[in-house]
Amino acid sequence: MIPKARGMAARLQQEAEGYRTRVIEQAEGDASRFRQIVAEYNKAPQVTRDRLYIEAMQQIMSNTTKVLIDQKGGNNLIYLLRDRIMQMTGTGPGAAKPADTPPAQEPSTTRSREAFRSREREPR
């Protein structure tokens, strides 16, 4: 019973030490990156601001499947399903064809670009 408890205590102590090391290394890395950004910001504030904004938008947009676009000066609000657009263009993560589908033959549920040009909806 005592050796088992000592073994568990040693394991917990090692896990805690590993966590401590990981947190310290991550904090040092974050601080180093911040110092680099501050140096670049001092050289070119607007460029750095724009770059940080673009990076933040890329990170946010990569985690969403819906996009709303509001046009200035109009009442149009465009709602896009990003994952379907990516599949249609063949650039999304789910855009690859199944292995058992022949390369020259596409599934019947896939819409063509011509279907988007028409105002009528395709039957489902």
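In the predicted model, T48 touches I37, E40 and Y41 when residues up to four places away in sequence are not counted. T48 is found in helix α2, which spans residues 45-61, and T48 is buried, with a relative accessible area of 4%. Buried residues make up 4% of the 124 residues in the protein.

The protein has 4 helices and 2 strands, and from the N terminus on these elements run in the order α-α-β-β-α-α. Among contacts between residues at least 6 apart in sequence, 5% join residues at least 24 apart. The accessible surface of the protein comes to about 11500 Å², and 55% of this surface belongs to carbon and sulfur atoms.

A search of the whole structure finds 5 salt bridges. One of them forms between R33 and E55, whose closest N and O atoms are 3.4 Å apart; this pair links distant parts of the chain, since R33 lies in helix α1 (residues 2-43) and E55 in helix α2, 22 residues apart. R33 counts as partly exposed at 45% relative accessibility, and E55 likewise counts as partly exposed, at 30%.

E55 also meets R51 in a salt bridge, at 3.0 Å from N to O, and both of these residues lie in helix α2, 4 residues apart, about one turn of the helix. In helix α1, K43 and E40 lie 3 residues apart, about one turn of the helix, and their side chains meet in a salt bridge of 3.5 Å, N to O. K43 is exposed, with a relative accessible area of 64%, whereas E40 counts as partly exposed at 38%.

Terms used:
Residues are numbered from 1 along each chain as its sequence is written. This is a predicted model: local features need pLDDT of at least 70, side-chain atom pairs count only at pLDDT 80 or more; totals for chains, interfaces and linings use all residues. Side-chain values use heavy atoms; hydrogens and water are left out. Buried means under 20% relative accessible area, exposed over 50%, partly exposed in between (1.4 Å probe, protein chains only). Contact means heavy atoms within 4.5 Å. Accessible areas come from the Shrake-Rupley method with a 1.4 Å probe; for residues, only the protein chains shown count as cover. A salt bridge is a side-chain nitrogen of Lys or Arg within 4 Å of a carboxyl oxygen of Asp or Glu.
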